[in-house]
Amino acid sequence: MAAWYHKVPAPKLPATDKRARMEGMWIKCDACGQIVYKQEVERNLEVCPKCGEHFPLPVRRRLDLVLDPGSFVEFDRGLESTDPLQFSDSKRYKDRLKASAKTAGEMEAFVGGTGRLAGREVSIGAFHFGFLGGSMGSVVGEKVTRLFERATERRIPAIIFSASGGARMQEAIFSLMQMAKSSAALARFRTVKKPYISVLLDPTTGGVAASFAFLGDIILAEPKALIGFAGPRVIEQTLRQKLPEGFQTSEFLLQHGMIDAIVHRKEMRDRLAQVLGLLA
Amino acid sequence: MSTFALDFEKPLLELEAKLVELKRHAAIGAGDGDGASLDGEIRRLERRCAKLTQEIFAELSRWQMVQLSRHPNRPYMLDYVQRLFTDWLELHGDRAFADDQALVGGLARFDGEPVMILGQQKGRSTKENLLRSFGMPRPEGYRKALRLMKLAERFDRPVIAFIDTPGAYPGIDAEERGQAEAIAACLEEMAALRVPVLSIVIGEGGSGGALAIGVCNRLLMLQYSWYSVISPESCAAILYRDSKKGEKAAEALKLTSRDAFENGIVDELIEEAPGGAHRDWEATAGNLRAAMRKHLRELREMSPEQVVQDRYDKFRKIGPITDSEAAQPEGEPARRWPQDRS
Ligand SMILES: [Zn+2]
């Protein structure tokens, strides 16, 4: 996974700059090691102003960033897992869901709906990695499936931003089957001949990568995202060898012919609009 | 055949060894006059063997079933091909990079009717396992499968897929060549195939690497096979940070054929020979043949459009959820497969 940032105490500054010395106003970029003003990072779409590292962007900001103001209509908000296997490890799955909803501020790992992008209606959704690692259980699978079904019915383009560790272990076989369900809905969507743009974010792996995320008519990725089927730790453990530098990054995938283009966050909306203009 | 035995099989194998010994004595001493008493003893021992088999296998834990699914003497895909089909013609290669021997495919006849067969194939020896990557396909394996599925569709041949893999191969080369894309493409293309697809889990059904040949109209599972999102060892490595706790993970994942059946994922469970498929390949293949015959006959009644819609409906309904805000901004979209697909 690309670098994260973490909060650091304020650096020593002239006594006159009181505001900047407030707690939690500064963050350190793990990619370049520089200390940067938090508000500046926020203004810069959660991209490091010093080195261009893309930090995670909350799912609603992600959608706002590319859609016409006020055009997003969320669907399927109320979908909830029934915990069909009554899964429990060190914690009960039900409790994990509750805890995640609290910390992530989202009810599930995916938000989907419709909106307008450069004036064009689209069926659009994005993963929230902060909710159980963006994992796909029955709710996420259902939301993605409905996203494609809605796009099919209305004959409009589909766009998905993926950021996921893969299928959700706690719903076991049900999670696995969501890969088939969502891919089948996508197969059906192809008949209306509207583009499906898949945007791969950091990280996109496992069952999400191995289903709709890699089936885009156009596949874009943010810079330096971790993208692949097996996670790097799994591969390292299996092969008992160090992985090459830059393995499974967006740049690696572009070089190996697996994606169409790498797009900087601040150019994402324009690129999506361009694709829609050329294909939709 | 290896002499490998699982711990819980050992009492049974010991008893059977006694039986073999007794039968040998009976054969030698047939003319000595005590043949009759030995006959009685043999029959008694045979009954005890049958009873013990029943006792051991009536209450297997999920982990024991996983062990059976991996039994080194268990029949693999090509063993079933040999027993259930005629006129087998293996077809090689993805036409782009290589021929992956972990995923085998080809044409053959089932009850005289031409069909396309796909399946992961494990090896019996160390050498063969290296060649077949322990049944873990690479992208070229999935791309071969995809090529053969399209071939089957073009010539209106049903697809029969034998699932037996711990998962897709996790390696540098597999990632470089697009493992995720290769699996994803299989899922989508299979969903849209205009010919019947019958998938059968014969051993291990591990993650997307198994599902890639599992988007089917009918899913069958052998009694001692498993199917889940992850292997129990990998699950344990993540949940308990200890890959040796597979037994615990197997319970949590509820991964057995019976679990899958109770969860509505599987259409029919296929009974194995007493003591497991490895104890009698012919009997197990016979049970499988009967089920395949029934399902293929039913699927052959459907039009290409019905076959695609049937498959869509099968997967569309999987995923238990509730909706606390049942009223949508607008009505639910219809789920019919458009008829105009060319
Ligand atoms: Zn930086």
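Leaving aside its neighbours within four places in sequence, which residues is Leu215(A) in contact with?

Modeller: Some ground rules to start. This is a predicted model, in which local features need pLDDT of at least 70 and side-chain atom pairs count only at pLDDT 80 or more, while totals for chains, interfaces and linings use all residues. Residues are numbered from 1 along each chain as its sequence is written, and chains are lettered from A, with ligands numbered from 1, in the order in which they are written.

Now your residue. With those neighbours within four places set aside, Leu215(A) is in contact with Ser183(A), Leu186(A) and Ser198(A), plus Ala184(B) and Glu188(B); contact here means that the C-beta atoms, placed from the backbone, lie within 7 Å. Leu215(A) sits in the loop between helix 6 (206-209) and strand 10 (218-221) of chain A. Helices (H or I, at least four residues) and strands (E, at least two) are DSSP runs, numbered from the N terminus. Leu215(A) has 22 other C-beta atoms within 10 Å, so it is buried; the cut-off for buried is 20 or more other C-beta atoms within 10 Å, with 12 or fewer for exposed and partly exposed in between. Its C-alpha atom is 8.7 Å from that of Ile197(A), 18 residues away along the chain.

The axes of helix 4 (residues 138-154) and helix 5 (residues 172-189) of chain A come within 9 Å and cross at roughly 5°. These axes are lines fitted to C-alpha atoms over the stretch in contact, with angles from 0 to 180 degrees between N-to-C directions. The two helices are therefore roughly parallel to each other, a label for angles under 35 degrees. Among the residues making this contact are Val144(A) and Phe148(A) of helix 4 and Leu186(A) of helix 5.

As for the chain B side, 56 residues of chain B are in contact with 57 residues of chain A. Helix 8 (179-192) is one of the elements of chain B on that side, and helix 8 gives the most, with nine residues. Elsewhere, strand 5 (residues 79-81) of chain A and strand 9 of chain B run antiparallel, joined by three bridges; there, Ser81(A) has Ile321(B) as its bridge partner.

Conventions
Contact = placed C-beta atoms within 7 Å. Pairing = 2+ DSSP bridges. Parallel < 35°, antiparallel > 145°, perpendicular 65-115°, else oblique.
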